[in-house]
Amino acid sequence: SDDTEYVTPPLSPGEHTLVVTAYDSAGLSRTESVTFTVEALTPPRLTEYSDHFPSSAVTLFKGESLPQHEIIATIRTLTSGKEYEIRAKARDDGTFTLVPDSRFDVGTYEITLRAIAESGAQSDESDAVRFVVYEPGYVVVGTVAIRVLSLLVPIISLILLLVFGTWFLWHRLSLWQKNVLGETKDAEQKLQKEFTSLVQQV
């Protein structure tokens with residue numbers, strides 16, 4: 001029988017089993033299998049990165065791999081479990097730079113790397129690297145200031161309202177007192193005139 005070459009699609013590293021079934025013209029068949037292991041490429045590694053930075057910063061991840069390999073970085077958010085990928089291609093000297101599409105939200109993240117050769121061969125996933133994104137200082141100060149103001153403004157407003165209410169009550173009482181004193185004085189004067197007139201008549 002003629003030798004036939006079969007090219008598999010790209011296989012992940014690890015053990016695989018190839019099962020082949022041959023049929024003759026009479027419809028008879030024979031099945032053979034072979035188990036083989038796909039060796040993993042050396043995983044990429046990060047060489048330059050920051051393990052903590054503010055959410056306002058645009059950060060880069062630099063690393064090393066084999067030349068011309070495609071680098072796939074998987075970034076996972078530990079708080080929510082969400083993940084997304086960043087891709088780059090290693091240069092001729094094996095170095096690469098990963099550039100995120102956008103800034104990171106505040107939280108804790110892990111990044112893992114794997115490489116894919118042009119032949120389809122793949123590496124295992126690298127060890128996870130953790131980094132933390134925190135609020136910028138001015139945001140923290142602004143947040144604290146807003147919280148303090150949110151407490152002070154109602155208190156100050158209440159104090160001003162109490163002061164105004166006290167002053168208004170005092171002012172009204174003063175006017176009432178003046179009116180009462182004026183009316184009392186007028187009544188006394190009228191009563192005195194009436195008494196004097198009555199005495200004169202007697």
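Student: What makes a residue count as buried, and what share of the 202 residues in the chain is buried?

Tutor: A residue is called buried when its relative accessible area is under 20%. In this predicted model, buried residues make up 22% of the 202 residues in the chain.

Student: What radius of gyration does the chain have, and how does that compare with a compact globule of 202 residues?

Tutor: The chain has 44 Å, whereas a compact globule of 202 residues would have a value near 17 Å. Along its principal axes, the C-alpha trace spans about 160 × 50 × 20 Å.

Student: What is Phe104 in contact with, leaving aside its neighbours within four places in sequence?

Tutor: Its contacts include Phe53, Phe61, Ile75, Tyr84 and Phe131. Contact here needs heavy atoms within 4.5 Å.

Student: How do you know that E3 and E5 are paired?

Tutor: Pairing needs at least two bridges, and three bridges join E3 to E5, so the two strands count as paired. In one of these bridges, Leu46 has Gly63 in E5 as its partner.

Student: Why are E3 and E8 at the edges of their sheet?

Tutor: The open sheet has the order E3-E5-E8 with antiparallel pairing. E3 and E8 each have a single partner strand, so one side of each is left without a neighbour in the sheet.

Note on methods: Residues numbered from 1 in each chain as written. Predicted model: local features only at pLDDT ≥ 70, side-chain atom pairs only at ≥ 80, totals over all residues. Heavy atoms only, no water. Helix = DSSP H or I, 4+ residues; strand = E, 2+ residues; numbered from the N terminus. Rg over C-alpha atoms; globule rule 2.2 N^0.38 Å. Buried < 20%, exposed > 50% of the residue type's maximum accessible area, 1.4 Å probe, protein only.
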